[in-house]
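Here are a few exercises to work through with the model open beside you. Try each task before reading its solution.

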Amino acid sequence: MYLQVQKIAKRKVIKIKDLISGLELSRTAGNSLMSGNPTIKNIIKMANVLDVDVRELIIPTKDLSPMDKLDKAVRLIEEAKAELGEGE
């Protein structure tokens, strides 16, 4: 979980200490949270601070089937179109 959070924070140019501050946790509690097993509530808080979908924070534990990969690609394309105002 921690590596995924670091990766997203780096992409969004957010320092980990700022993320932890946004979670309203002490630095020690925040570091412990990201390297341990965070609660769903804290995962949602992290996603909100990072402004990402909760699913981006979770690393899949198994490979996706070809159909799942296709579904994911279609969903990403639809989301991109909606962001660009082309989804209607």
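**Exercise 1. What volume does the largest pocket have, and which residues lie nearest its centre?**

Before starting, note that this is a predicted model, where local features need pLDDT of at least 70 and side-chain atom pairs count only at pLDDT 80 or more, while totals for chains, interfaces and linings use all residues. Residues are numbered from 1 along each chain as its sequence is written, and side-chain values use heavy atoms, with hydrogens and water left out.

Step 1. Take the pocket definition: on a 1 Å grid over the protein atoms alone, a pocket is an open set of points where a 1.4 Å probe fits, with protein on both sides within 12 Å along at least five of seven lines; lining residues have an atom within 4 Å of a point.

Step 2. The volume, the space filled by probe spheres set on the points, is about 520 Å³.

Step 3. Of the 16 lining residues, Asp-53, Arg-55, Glu-56, Lys-72 and Arg-75 lie nearest the centre.

Step 4. Helix α5 gives the most to this lining, with five residues. Helices here are DSSP runs (H or I, at least four residues), numbered from the N terminus.

**Exercise 2. Check the span of α5 (residues 66-84).**

Step 1. The expected span is 1.5 Å times one less than the number of residues.

Step 2. For the 19 residues of α5 this gives 27 Å, and the end C-alpha atoms are 27 Å apart, so the two agree.

**Exercise 3. Which residues of α4 (residues 40-50) are buried?**

Step 1. Apply the cut-offs: buried means under 20% relative accessible area, exposed over 50% (1.4 Å probe, protein chains only).

Step 2. Asn-42, Ile-43, Met-46, Ala-47 and Leu-50 are buried. They share one side of α4, because they cover an arc of only 145° around the axis, taken from the directions from the axis to the C-beta atoms.

Step 3. On the face turned away from that side sit the exposed Lys-41 and Asn-48.

Step 4. Ala-47 has 1% relative accessibility and therefore counts as buried. Leaving aside neighbours within four places in sequence, Ala-47 is in contact (heavy atoms within 4.5 Å) with Val-52, Asp-53, Val-54 and Leu-57.

Step 5. Just after α4, Asp-51 takes a positive phi of about 60°.

Conventions
Helix = DSSP H or I, 4+ residues; strand = E, 2+ residues; numbered from the N terminus.
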